[in-house]
Amino acid sequence: GIVIVAMVFLPVMKVGGMQYFRSEGFDTLGKILPRALDIATGLIRIYLGLTVLCLLAYVIVGMTPYDAVVHALTTMSTGGFSTTDSSFAKYSGPAEYVSAVFMIAASVPFVRFVQLMAGSALPMYRDLQVRAYLRWMLYAITAIVAYRMLHFGTEFLPVLRETTFNVVAIMSGTGYGSEDITSWGPFPFVVFLIIGIIGGCTSSTGCSIKVFRYLVLIEAIKMQIRRIYTPSRVSPMKLGNRVLEEDVVNSVIVLFTMYILTFGITSVLLSLTGLQTGTALTAAWTSIFDIGPAFGPEVRGSGAMDQFPVAAKWIMAGAMMLGRLELLSVFVLVLPRFWRG
């Protein structure tokens, strides 16, 4: 539902830069209903197919059928629920690599899989968002592995497996955990916070701000820098070979602003409920960006937040709803002017 809304209706509403994201053969502007049926049918087939493949892969690497079903459903939805309090720690080993592959698949645009199944692999290869997502994920994995090897001197392959799994889990917004990442040191923890704010790709089940909007923001910053040293130069802002319209850039900047403000307000509100500052910050981080885990003395080793005050749970529930629906789409819907328009 989230993916279909993002692909079909948000571009028409011009929310958060989504009007830019119209893939070849899936331009919904001006023809919502017939294209919505085509898109929905293709997405459902791909989603179900990937879920079945994920289930079978989990069984092959040793999960029980029940655990495989549960984890396949929560992997492809980037939901992150597990059948044990220790999350994915019970399945360390090949299952972590299987999970990482399908978490990545769940957090790239599903429309690219539709095109891939139709016999066209070029859209997936040329998608700047997918390439940036995989590249940034690789940077994070490399940096954390290097840090852990340098400071702890442990075996390379287990470090690579643990790091890859947890980086993909956080960046995709799935939220599985197989290790206590706070024990890896301050640098890896900061990297995890950053990639959690980045998130997956637009039109996937991934959460957070999304890679596409960071690409737009980076181009906007570059343009402003160019205008400082060449003020008389007139050139369109582009992402790849496509021109970025002004309303796309403005909506993305507004969305970033709303996320930052909402994160700050949520952190303050959670602190007022009695949570320690660090716990409040990570609780706001995991709620607004819909990641999953929080960190702090009030969080149990399994990640459970049952010790949080009731008021904090209500605040986090509201923040998760706002973050999952991408803020602006919610704020737009509650404005009477939108419905009159």
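User: Which helix holds Phe-189?

Analyst: In this predicted model, Phe-189 is found in helix 9, which spans residues 186–198. Leaving out residues up to four places away in sequence, Phe-189 touches Thr-182, Thr-282 and Phe-295, and its C-alpha atom is separated by 9.1 Å from that of Ile-144, 45 residues apart along the chain.

User: What makes Lys-90 and Asp-67 a salt bridge?

Analyst: The N to O distance between their side chains is 3.8 Å, and the cut-off for a salt bridge is a side-chain nitrogen within 4 Å of a carboxyl oxygen, so the pair qualifies. Lys-90 lies in the loop between helix 3 (65–76) and helix 4 (94–106), whereas Asp-67 belongs to helix 3, 23 residues apart.

User: How do you know whether Lys-90 and Asp-67 are buried or exposed?

Analyst: Lys-90 has a relative accessibility of 51%, and since exposed means over 50%, Lys-90 counts as exposed. Asp-67 has a relative accessible area of 7%, and because buried means under 20%, Asp-67 is buried.

User: What makes the contact of Arg-161 and Glu-96 a salt bridge, and which parts of the chain does the pair tie together?

Analyst: The side chains meet at 2.5 Å, N to O, and this value is within the 4 Å that a salt bridge requires. Arg-161 lies in helix 8 (residues 156–171) and Glu-96 in helix 4, so the pair ties together parts that are 65 residues apart in sequence. Arg-161 is buried, and so is Glu-96.

User: How many salt bridges does the structure hold, and at what distance do Asp-127 and Arg-112 meet?

Analyst: The structure holds 5 salt bridges, including the one in which the side chains of Asp-127 and Arg-112 meet at 2.7 Å, N to O. Asp-127 sits in the loop between helix 6 (122–126) and helix 7, and Arg-112 in helix 5 (residues 110–117), 15 residues apart. Both Asp-127 and Arg-112 are buried.

User: Why is the pair of Tyr-58 and Phe-88 called tilted?

Analyst: The ring centres are 6.2 Å apart, which is within the 6.5 Å needed for a pair, and the planes stand at 50°; because planes under 30 degrees apart count as stacked and those over 60 as edge-to-face, the pair is tilted. Tyr-58 is in helix 2 (residues 32–60) and Phe-88 in the loop between helix 3 and helix 4, 30 residues apart. Tyr-58 counts as buried at 0% relative accessibility, and Phe-88 likewise counts as buried at 0%. Tyr-58 and Phe-88 also form one aromatic cluster with Tyr-91, Phe-165 and Tyr-176.

User: What shows that the charge of Arg-148 sits over the ring of Trp-184?

Analyst: Arg-148 lies over the face of Trp-184 at 3.9 Å from the ring centre, a distance within the 6 Å cut-off. The charged end of Arg-131 sits over the ring of Tyr-125, 5.3 Å from its centre, and this distance is also within 6 Å.

How values were computed:
Residues numbered from 1 in each chain as written. Predicted model: local features only at pLDDT ≥ 70, side-chain atom pairs only at ≥ 80, totals over all residues. Heavy atoms only, no water. Helix = DSSP H or I, 4+ residues; strand = E, 2+ residues; numbered from the N terminus. Contact = heavy atoms within 4.5 Å. Buried < 20%, exposed > 50% of the residue type's maximum accessible area, 1.4 Å probe, protein only. Phe/Tyr/Trp six-rings, centres within 6.5 Å; stacked < 30°, edge-to-face > 60°. Lys NZ or Arg CZ within 6 Å of the ring centre and 35° of its normal.
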